[in-house]
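Here is a friendly walk through one protein model. Please keep the sequence and the 3D view side by side as you read.

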Amino acid sequence: MNKEALAAIVARQKPGAKFVVSAEMLGMNVVDFDLQAKLWAEENGPGFTTTGVPFRKVIDGQFFNSKTDLTEKYLICV
């Protein structure tokens, strides 16, 4: 996964913004992105939480996540 590309996408978001990340945006194939998206769904990612229903693509009769909706996390400092 291109961590720099992901960090740049997240950094462009306003606090609480909803946005989409796709396999193509991160330079990943759909199978690898599917595994990463499943991890994010369980643990969330660096600076975001997963939201919504992922867009799936069928490859050889199997469904894989190819895009997922995310929400930028923002910290409230007191």
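## A buried aspartate

Aspartate 34 is buried, at 3% relative accessible area (buried means under 20%, exposed over 50% and partly exposed in between, with a 1.4 Å probe and protein chains only). This residue belongs to helix 2; helices (H or I, at least four residues) and strands (E, at least two) are DSSP runs, numbered from the N terminus. Leaving out residues up to four places away in sequence, Aspartate 34 touches Phe64 and Asn65, where contact means heavy atoms within 4.5 Å.

## About the model

This is a predicted model, in which local features need pLDDT of at least 70 and side-chain atom pairs count only at pLDDT 80 or more, while totals for chains, interfaces and linings use all residues. Residues are numbered from 1 along each chain as its sequence is written, and side-chain values use heavy atoms, with hydrogens and water left out.

## The fold

The protein chain has two helices and three strands, arranged along the sequence as α-β-α-β-β. The strands form an open, antiparallel sheet in the order 1-3-2; two strands pair if DSSP finds at least two bridges between them. Strand 1 and strand 2 (48–59) each have a single partner strand, so one side of each has no neighbour in the sheet. From one strand to the next, the twist averages 30°.

Nine bridges join strand 2 and strand 3 in the antiparallel sense, and Lysine 57 has phenylalanine 64 of strand 3 as its bridge partner. Helix 1 packs on the sheet, touching strand 1, strand 2 and strand 3, and its direction makes about 160° with that of strand 1. Helix 2 also lies across strand 1, strand 2 and strand 3, running at about 50° to strand 3. For these angles, axes are lines fitted to C-alpha atoms, for helices over the stretch in contact, and angles run from 0 to 180 degrees between N-to-C directions.

## The nonpolar core

Which members of the largest nonpolar core touch the most other members? They are Leu6, Phe19, Val21, Leu26, Phe33, Trp40 and Phe48, out of 16 residues. Such a core is a set of buried Ala, Val, Leu, Ile, Met, Phe, Trp, Tyr and Cys residues joined through side-chain atoms within 4.5 Å. Helix 1 (3–11), strand 1 (18–22), helix 2 (30–43) and strand 3 (62–72) each supply at least two residues of this core.

Beyond residues up to four places away in sequence, Tryptophan 40 has contacts that include Met1, Leu6, Leu26, Phe33 and Phe48.
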